[in-house]
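Me: I am new to reading protein models. Could you walk me through one, feature by feature?

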Amino acid sequence: MSDAFLSIAGLSLSLGQFTLGPISLELRRRDYLVLMGASGCGKTSLLRTIAGLYGLAAGAIVCNGRDISRLPPQRRRIGYVSQGQSLFPHMTVRQNVQFGLDYCRISPAEQVERFTQIVALVGIGHLLDRHPGSLSGGEARRVGLARALVIKPDILLLDEPLSMLDPRARRELLHILRHIHDATDSVTIHVTHEAGELWAQGRLAAVMQAGRIVRFGPPETFAAGPFRDYVRNLVASGPDVPLREDAP
Amino acid sequence: MKNGIIIALLAVHLSLYVALATTSRIAPLELLNVILLAAAVAAVVLTLRARRGYLFTAGLLILVIGHTYVGQYAASDALTSGAILLASALVLYVGIQINRNLPVWHWLVFVASYLALYGIFILHLSNAQPLFVMFLLLMTACSRSLRLMAYFWAATIGLTFCQPYAWEAILSSFFIISAVHGARGGATAGMARAFLLAGLPLMTLVLLPVLVVIAQGDWHDIARLLRDRRITDAIGMTVITATIATGVLAIFGVPLAYALSRLRFRGRALLLSLIDLPIVIPQSAAGIAILMVFGRRQLLGGWAWHVLGTPLDGTAVGICLAQVFVALPFLVRTAVAAFDAVDPAMELTALTLGAGPWSMYRRISLRLAARGVFLGAVLAWARAAGEFGAVVLVAPTPETAPIAAFNRFNSVGLEETAPLIALLLLFSLAMFFLLQLVSRTLPDPPSAIPVDLDSRPPGQRQAA
């Protein structure tokens with residue numbers, strides 16, 4: 001408990017017919033959690049709840065010693081990359097990435113430094129003057145990532161960042177995600193409902209069913225037990241990315 | 001067989017020629033008659049030697065026979081009769097070519113057009129043979145393409161039956177034809193084009209009166225109106241009150257629209273339909289209802305008089321009030337739809353990036369809905385500026401432009417009001433197009449950005 005960086009305790013809420021939770025989860029700094037589950041099991045709702053779109057009925061979210069469960073989204077220090085990236089279509093890539101910097105209360109020099117650093121990290125230097133409408137799927141995702149990263153979030157929430165990409169773009173984006181994880185010390189929760197190659201990404205994995213987390217632990221432990229077949233199906237799409245060594 | 005027919009026709013022509021010449025019914029040595037005789041003989045000889053062109057020669061012989069023994073009595077003079085003969089020969093030739101070389105539709109349209117022209121210019125409008133000849137020539141010139149035939153008939157009907165609005169009618173129908181012909185679409189394009197054809201006359205119903213009024217406007221009269229103090233005051237009053245009304249609507253209505261788009265609450269559906277109320281109730285009823293609440297003898301109206309120092313009815317404030325009432329749905333409805341099109345995930349993203357609610361509303365929601373909101377404001381402005389019924393009851397003076405037009409019509413009649421109406425229409429059109437143009441500079445609604453499943457940059461896709 002004491003070394004938990006993000007701790008979710010007894011989180012629950014209902015969204016119309018659907019009930020999310022109760023969910024409890026503890027993650028340490030620099031953890032990378034791959035959250036799996038079939039469509040409609042509540043993965044996106046969980047991310048949006050952590051991000052602050054929905055209020056909690058019960059439970060608490062504590063991050064870095066702060067109880068953020070009653071804070072408005074803009075004060076939670078969360079980098080949220082939604083499934084469609086939600087790039088602001090009326091702004092250039094540069095303006096999109098700079099958006100969060102305007103609210104960061106850091107000096108202009110620091111802003112420039114952080115901007116340059118993130119742009120280099122994600123590799124979008126050549127896209128800065130384009131508009132989102134002219135980007136390819138992979139490029140748009142990288143811009144979405146960069147925009148979320150400039151605020152130096154405590155928690156990075158990725159909603160299906162690899163879906164609907166061709167294999168090459170997937171591999172590129174996976175490398176970038178790994179790069180980002182190595183270069184920052186935020187907690188990452190990566191939601192997916194299919195991609196087997198993600199398996200390689202996570203030091204931790206969780207499976208959601210009907211609004212609850214039914215399995216949580218290092219991926220190796222999933223090879224046995226009642227979820228073996230379920231996970232095997234998820235993984236079956238064939239990883240072509242080498243297994244990642246554990247984070248230091 | 002074919003040889004026999006044309007020789008027989010020539011024989012009929014020759015024998016009738018001799019018979020009528022001996023009874024002095026025709027002048028046998030008149031130049032045209034001689035030429036026709038020679039032409040008939042020459043055509044038969046050429047056809048017999050070349051062994052083709054029977055159809056044209058037979059038709060020509062029938063035309064010549066008809067002309068020689070009937071045509072010159074029917075036509076007003078020999079010149080007209082000759083011209084009709086020549087034009088008919090041209091029609092015959094072109095008709096044969098069309099029948100031989102083009103799809104059957106062309107031929108049917110051609111024959112039907114010929115008969116229709118005959119019906120219009122010879123039977124319906126008597127004494128119109130020269131026009132008949134002219135239109136026949138035009139028809140043969142257009143006959144190669146069905147689209148040209150459509151333009152031809154639009155012009156013909158416009159000129160013959162739509163006086164004195166001929167040019168307006170021709171302009172509208174040309175617009176329809178080119179729109180229908182130029183329309184492209186997917187699998188259902190055929191049906192959709194038929195729908196377009198069926199629906200566009202409805203637009204003509206709107207366009208035609210406007211075009212007629214503007215086209216018949218005398219520029220000197222309009223210039224004189226612009227020096228008339230009463231008219232310029234009315235137009236100024238309209239612009240000022242409509243702008244204030246739209247401003248009030250923008251200040252209160254746009255945030256209301258955002259709330260209606262984002263919140264779900266009991267009674268929301270009722271509230272949304274109440275917004276449409278001003279469209280549903282008759283404008284005169286709206287005016288009276290406003291008077292019953294804000295009239296100077298009423299409680300609220302009296303209080304407003306006390307506070308503002310001016311009564312509401314019969315003043316510019318009252319005009320604005322009535323305009324806000326009738327224009328409200330146009331702004332709020334359009335703005336709700338515009339905000340609905342903004343993805344809430346985009347707003348959430350802006351919030352997580354640190355923007356406060358107001359900052360998010362200003363930089364994301366309002367910015368992305370800007371075009372829709374602006375268009376709504378344009379509609380509301382136009383509605384406010386054009387409102388008559390409610391305004392005339394709440395405040396017949398000071399005059400706004402619609403009321404000035406009505407008063408003028410009542411006092412001096414239709415003819416004298418026409419220039420004023422032309423001026424008002426021109427002014428409204430200019431305002432409307434100007435504002436539409438401004439709205440083009442605002443960003444596209446977010447839905448216009450395609451969901452992109454292809455990870456290659458757009459430039460490389462064509463090559464692969």
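This is a predicted model: local features need pLDDT of at least 70, side-chain atom pairs count only at pLDDT 80 or more; totals for chains, interfaces and linings use all residues.

Me: Let's start with chain A. How many helices and strands are there in chain A?

Reply: Chain A has six helices along with ten strands. Its length is 248 residues, and 45% of them count as buried.

Me: Now a helix. Which residues of helix H15 in chain B are buried?

Reply: Helix H15 of chain B runs over residues 299-308, and its buried residues include B:Gly301, B:Ala304 and B:Trp305. To read such a set, look at where the residues point around the helix axis. These three cover an arc of only 105° around the axis, so they sit on the same side of H15(B).

Me: What covers the buried residues of H15(B)?

Reply: The cover includes helix H14 of chain B, residues 283-294. While you are there, look just after H15(B): B:Gly309 has a positive phi of about 80°.

Me: How do I read the place where two chains meet?

Reply: Begin by counting the residues on each side. Here, 24 residues of chain B are in contact with 32 residues of chain A. Next, ask which elements supply them. On the chain B side, helix H17 (344-352) and helix H18 (357-368) each give at least two residues. The largest share of that side is from H17(B), with six residues. Finally, sort by class: the side of chain B that touches chain A has 14 nonpolar, five polar and five charged residues.

Me: Into which domains is chain B divided?

Reply: Chain B has domain 1 (2-159), domain 2 (162-216) and domain 3 (223-447). You can read a pair of domains much as you read a pair of chains. For domain 1 and domain 2 of chain B, the centres, taken over C-alpha atoms, are 35 Å apart. Their contact takes eight residues from domain 1 of chain B and eight residues from domain 2 of chain B.

Me: What classes of residue does domain 1 of chain B bring to that contact?

Reply: The side of domain 1 of chain B that touches domain 2 of chain B has six nonpolar residues, one polar and one charged.

Methods. Residues are numbered from 1 along each chain as its sequence is written. Chains are lettered from A and ligands numbered from 1 in the order in which they are written. Helices (H or I, at least four residues) and strands (E, at least two) are DSSP runs, numbered from the N terminus. A residue is buried if 20 or more other C-beta atoms lie within 10 Å of its own, exposed if 12 or fewer, and partly exposed in between; C-beta atoms are placed from the backbone. The arc is that of the directions from the helix axis to the C-beta atoms. Two residues are in contact if their C-beta atoms, placed from the backbone, lie within 7 Å. Ala, Val, Leu, Ile, Met, Phe, Trp, Tyr, Cys and Pro count as nonpolar, Asp, Glu, Lys and Arg as charged, and the others, Gly among them, as polar. Domain bounds come from an automatic or database domain assignment.
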